[in-house]
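I opened a new page for this chain. These are my notes on what I looked up, in the order I looked.

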Amino acid sequence: MPLQDSGLENAVTGEFDNDEMRFVIIGINAVNGDTLLQHTKAVDTENMDKESSGSNTDEVFFENTANVNMPIDNLAEELKKWIIGYNIKHNAADALLKILRDRGHKHLPFTAKTLLKTDPVESQMASGVECVQFGVTEQLIMCLNRYPYNYARDIIELEISLNVDGLPLFKSTGKSFWPVLCTVHLKPASTFPLAIALTEAKPKSLDFIKVIADELNMILMNGFSWGETTVTVRLRCITCDAPAKAMLKCIKQFSGYYGCDKCPQKGNWEGRMMYQQVHVLILRDDVSFREQHQPEHHQENTVSPFSDLQIDMVKSCTSAA
Ligand SMILES: [Zn+2]
């Protein structure tokens, strides 16, 4: 082992020996002129006997003066960060885990799936809707942390958009997922869930959206703290398909007589709902919507969970294809 190089303070070497790769991390601290060499040895149950008998053919050493008491789980944690940080494919990570296990790191799991196993999240049940909330601020901070520091440190304003849609899970049941997604319009844009709800068909309650809207309202007004700066947030739009948009705005469906969310004209039923008038239209606006100038357009006794937000309830809610 080439450890007696007193001229080094911190040296990292790797060497190949008989097709065996040996990683040697040498840390040397000069103390009173003497060279102090400290090393910790990775858990290596297979090679224990060989070491005790003096053989070093397959020894794998991790010697590091920076943190001699580093727990063995740190390697697993570092690997997890590496896999997530660089979007490593699981089959590639599995192959690396096999190599590391073959080299003595028997405490590592066989697969990336086991390595990345996260704690189960707690869901909440309310009004027939089972929901997991991830937190708007928490998710925005996690999102910013994924960008290169040199790019992200200068960000003082974020533009976001939301998407809500139902995803049928099975043909045999009406159960569906309702993910609430947020897109941060940076370069590149980043999309992540704010909540995922599991419901029987259409959600009976929009409380899971209301939780997000309330937190979002605070963020739109006050921004959120990120490091030493306060990042202000602007909501570009809420994008959904027509049925989901009607549900979120608590208005009549697009197939209703007063279902057009752009203008207040009454539709004609001709096998499907037709809106004949295309010229000289009075358009709905935020004020007429919030004051419910046309009550027939709105669902009775319900208010949109987004109505507290300082947004244009007509223009900010857009349709997805
Ligand atoms: Zn219209």
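**Burial and overall make-up**

I began with burial: 19% of the 321 residues in the chain are buried. I call a residue buried if 20 or more other C-beta atoms lie within 10 Å of its own, exposed if 12 or fewer, and partly exposed in between, with C-beta atoms placed from the backbone.

I noted that this is a predicted model, where local features need pLDDT of at least 70 and side-chain atom pairs count only at pLDDT 80 or more, while totals for chains, interfaces and linings use all residues. Residues are numbered from 1 along each chain as its sequence is written.

Next I listed the elements: the chain has nine helices and 14 strands. Helices (H or I, at least four residues) and strands (E, at least two) are DSSP runs, numbered from the N terminus.

Of the contacts in the chain with a separation of 6 or more, 56% are between residues 24 or more positions apart.

**Confidence**

I checked pLDDT, the predictor's confidence in each residue, from 0 to 100. The chain average is 79, and 76% of the residues score at least 70.

**Strand β9 and its partners**

I counted strands as paired if DSSP finds at least two bridges between them. How many bridges join β8 and β9? I found ten, in the antiparallel sense. The two strands form a hairpin with five residues between them, and Thr-183 stands opposite Thr-191 in β9. On β9 I also found β5, which runs antiparallel to β9 and is joined to it by five bridges. Gln-133 stands opposite Ala-195 in β9.

I looked into the loop between β8 (175-184) and β9 (190-200), where Pro-188 is found. The peptide bond from Lys-187 to Pro-188 is cis, with omega near -5°.

**Backbone angles**

I kept a general point in mind here: most residues other than glycine have a negative phi, and most peptide bonds are trans. Ser-127 has a positive phi, near 50°, and lies in the loop between β4 (124-126) and β5 (129-133). I count Ser-127 as exposed because it has 12 C-beta neighbours inside 10 Å.

Cys-250 also has a positive phi, near 55°. Cys-250 lies in the loop between α8 (242-249) and β12 (268-269). With 18 C-beta neighbours inside 10 Å, Cys-250 counts as partly exposed.

Which residues does Thr-137 contact, leaving aside its neighbours within four places in sequence? I found Glu-215, Ile-219 and Phe-224. Thr-137 lies in helix α5 (residues 136-145) and counts as partly exposed because it has 17 C-beta neighbours inside 10 Å. Phe-224 is 87 residues from Thr-137 along the chain, yet their C-alpha atoms are separated by 6.9 Å.

Last, I looked up Gln-310, in the loop between α9 (286-290) and β14 (317-319). Is Gln-310 buried or exposed? Gln-310 counts as exposed, with 10 C-beta neighbours inside 10 Å. From Gln-310 to Asn-217 I noted 93 residues in sequence and 7.7 Å in space, C-alpha to C-alpha.

Methods
Two residues are in contact if their C-beta atoms, placed from the backbone, lie within 7 Å.
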